[in-house]
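User: I'm new to this one, and I'd like to know what stands behind each label. Could you take me through it?

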2 protein chains.
Amino acid sequence: MAGNGLLNRRMLLGAGAAAALGSIASPGGARAEALPVEPWMKIPGSPFVPYGQPSPYESKVARIFASVPGTTGTGTSRTPHHLLDGMITPNGLHFERHHSGIPDINPQAHRLLIHGLVKRPLVFTLDALLRYPMESRIAFIECAGNSALLYQKEPAALGVQPIHGLLSCAEWTGIRLATLLAEAGVEPRAQWILAEGADASGMSRSVPLGKAMDDALIALYQNGEPVRPSNGYPMRLLLPGYEGNMQVKWLRRIKLTEAPMMTKDETSKYTILQNDGTSLQFCFPQEAKSVITRPSPGLAMKAPGLYEISGLAWSGYGKVAKVEVSADGGRSWAPAALQEPVLSKAVTRFRMPWRWDGGEVVLQSRASDETGYVQPTRARLIADRGARTIYHFNAIASWGVTPNGEVKHVYA
Amino acid sequence: MAGNGLLNRRMLLGAGAAAALGSIASPGGARAEALPVEPWMKIPGSPFVPYGQPSPYESKVARIFASVPGTTGTGTSRTPHHLLDGMITPNGLHFERHHSGIPDINPQAHRLLIHGLVKRPLVFTLDALLRYPMESRIAFIECAGNSALLYQKEPAALGVQPIHGLLSCAEWTGIRLATLLAEAGVEPRAQWILAEGADASGMSRSVPLGKAMDDALIALYQNGEPVRPSNGYPMRLLLPGYEGNMQVKWLRRIKLTEAPMMTKDETSKYTILQNDGTSLQFCFPQEAKSVITRPSPGLAMKAPGLYEISGLAWSGYGKVAKVEVSADGGRSWAPAALQEPVLSKAVTRFRMPWRWDGGEVVLQSRASDETGYVQPTRARLIADRGARTIYHFNAIASWGVTPNGEVKHVYA
């Protein structure tokens, strides 16, 4: 058994449950009168609305965001994972990275052009696309710059949302790009595609044709409803597992090319600067990673006793195979329960029951994916790659718990 | 091959794709100049917001609702499935059935009491519940009165939303009721639970203890975020596969009993009146069912050619095993593709490519579940059960397509 109170899930749900959990619930009276009749039980509630909203009591369950000075919409907004559970990120809380704000696109005027090295250049209206065969998949999207703060020398005094909030997961539905490319007829010389957005920044990225033909989608729906404006309405490119920047929002154009186009978004940015001054370019998949979302900074623990350690794990290379949790800074590890369904290139929720004894603790999680890759320590990642970049940080993160129940970002 | 243009999915994605699809896309110029530079490409877009909203262009993607005269919040709102795709219903569009509106519950004051035939009556605050081990599952909820209009003699001139919109599917996360019952200590005599809501109607239902111990959840999260007020904030009972009415929202009390309590919501309502004047009571699971969502009434087909027939199938008894589609009113059937992951007691999206030749067509879908149960015809269901009830209508529904491309609700 791993140290510092990590519990076996089966034991917890068996005969020992009452004892293990006894300190959380309060004794109740044996009759209903033990509960007061609250004011909201005495008057009719509020009426129906066409499109619902969260409880006003949950106003903290919101994105935080920051824009580049002098702009209003160039920057990021981040998902409050410390206040969420499950695998789906609701659409109102999906993270955003915009390079020139959210364009106000009229869907009737919007077109998708497929051209370049094709036999038949084609233009698609939204109405035309709605007639094609569709597919759905639950997929995470992570900004290549997520968790960049962990490249810094000292641990930022921040929590899950500001550090790791450039990650979300939704069910995306759309048309396989392969279907549209087959219709256009790909010339044998074509090896790449250029994907371009209809925002004012002209966001564009080169994508290998192999990925385009594999599992790329022209996504029209996000968690069931039309894709949100902030996520590319009326359509975005979905490249499951690849860095978020490539999954071009407000997609207007796909050009088939022999070679990558070396756009500003894949040269001046989204390359990994190494210690020797050279850069790694075209690092597409997001490597296996995990983060504990509860407990985490901002969620104080009021008393010793039972808690659930819960978090998210994901890999751009496929399914999460294992998540291990440590409560002693990495000296011992225990396997967490993985919430089914475990899906390729989606987040997987992991859970581990834990009895906190009130002492100092360092909590960590470590993901492995189905390729056998194991999430590295921070020291290992920085030794291999250096710390001059802000991209693709996927090493183990650590939360320290103090005896008074405060949770802090630490390096361990 | 089934009649009237139902296509094999493999064939479509193979070499014949271009020919099959050629009529939908428009020829594009070979260069980017074939697309105009739209106004939204010339100015910075809009800034970040804490909680995002749908596109203003998609204001039709909304619930329709009706209240009992003289009330504001007693009635139903319905999910616009004809405008959605995928399996997840976004939280703003989840159907609702309220018996006295949406209570404005202060989560800090709310309590959950477990009492009756238990060794230790317990009272839980929301903060206490947040420390327990959780589980997530994607589950449909369907009102027992969904599709009741199909018991009528003549087909209602309506579409998917008003007829079948009392169905939604979300990822729910919460605590197994079994965990809390183990802590309270169930007395051997207990065979049922009474679940009661904190709304002004005092909604309450009796649930067999077996179900409570099996897969019942105290759901705190809906699609990742805290459960919406309209879906039971701060907590609801989730009984996967059972009729929606039993999955008590705003849950405040669970009482363990020897027998069902015969509440108003399981005697005067939610019983199935048969032709002989007696009623079936305690019909818990929603039987296997399917409905085509696209094409459907309100979605006109502008020209012959390729379309995707898409819809939802579900069963309260487990996984959907098969969905067949007919384009000739049930004379011939072809198996549809089922979108993975196919999950027990969740909706499954089915898809079937179809070439419409411009003639008159009657479209139907027929679901089978893993128990071997096959969705019945309307004639069969009414022959067996009569048509004096409004509950548990799960028979095959039919959409007629006219040569001008209009889609109408028909009986066939």
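User: What makes a pair count as a polar contact across the interface of chain B and chain A, and how many residue pairs does the rule find?

Analyst: The rule finds 42 residue pairs in polar contact across that interface, both partners at pLDDT 80 or more. A polar contact is a pair of N or O atoms within 3.5 Å; within protein, one must be able to donate a hydrogen and the other to accept it, and residues adjacent in sequence count only if both atoms are side-chain atoms. On the side of chain B that touches chain A, strand S18 (residues 305-314) of chain B gives the most, with 4 residues. By class, that side has 61 nonpolar, 34 polar and 25 charged residues. Here Ala, Val, Leu, Ile, Met, Phe, Trp, Tyr, Cys and Pro count as nonpolar, Asp, Glu, Lys and Arg as charged, and the others, Gly among them, as polar.

Before we go on: this is a predicted model, where local features need pLDDT of at least 70, side-chain atom pairs count only at pLDDT 80 or more, and totals for chains, interfaces and linings use all residues. Residues are numbered from 1 along each chain as its sequence is written, chains are lettered from A and ligands numbered from 1 in the order in which they are written, and side-chain values use heavy atoms, with hydrogens and water left out.

User: Why is the pair Asp127(B) and Lys302(A) called a salt bridge?

Analyst: The term asks for a side-chain nitrogen of Lys or Arg within 4 Å of a carboxyl oxygen of Asp or Glu. The closest N and O atoms of Asp127(B) and Lys302(A) are 3.3 Å apart, so the pair qualifies.

User: What does the salt bridge of Glu196(A) and Arg252(A) tie together?

Analyst: Those side chains meet at 2.8 Å, N to O. Glu196(A) lies in strand S9 (residues 192-197) of chain A and Arg252(A) in strand S14 (residues 251-257) of chain A, so the pair ties together parts 56 residues apart in sequence.

User: How many residues are in contact between the chains, and how much area do they bury?

Analyst: With contact meaning heavy atoms within 4.5 Å, 120 residues of chain B are in contact with 120 residues of chain A. Together the chains bury about 10100 Å², 60% of it on carbon and sulfur atoms. Buried area is the accessible area (1.4 Å probe) that two parts lose on being put together, summed over both.

User: How do you know that the copies meet through the same surface?

Analyst: 100% of the interface residues of chain B are also interface residues in chain A, so the surface is the same. Chain B can also be laid on chain A with an RMSD of 0.0 Å by a turn of 180 degrees and a shift of 0.0 Å along the axis. The two copies are thus related as by a two-fold rotation axis. That superposition is by least squares on the C-alpha atoms of residues with pLDDT of at least 70 in both.

User: What makes S6 of chain A and S1 of chain B a strand pair?

Analyst: Strands are DSSP runs (E, at least two residues), numbered from the N terminus. Two of them pair if DSSP finds at least two bridges between them. Strand S6 (residues 122-124) of chain A and strand S1 (residues 26-27) of chain B have 2 bridges in the antiparallel sense, so they meet the rule. There, Leu122(A) stands opposite Pro27(B).
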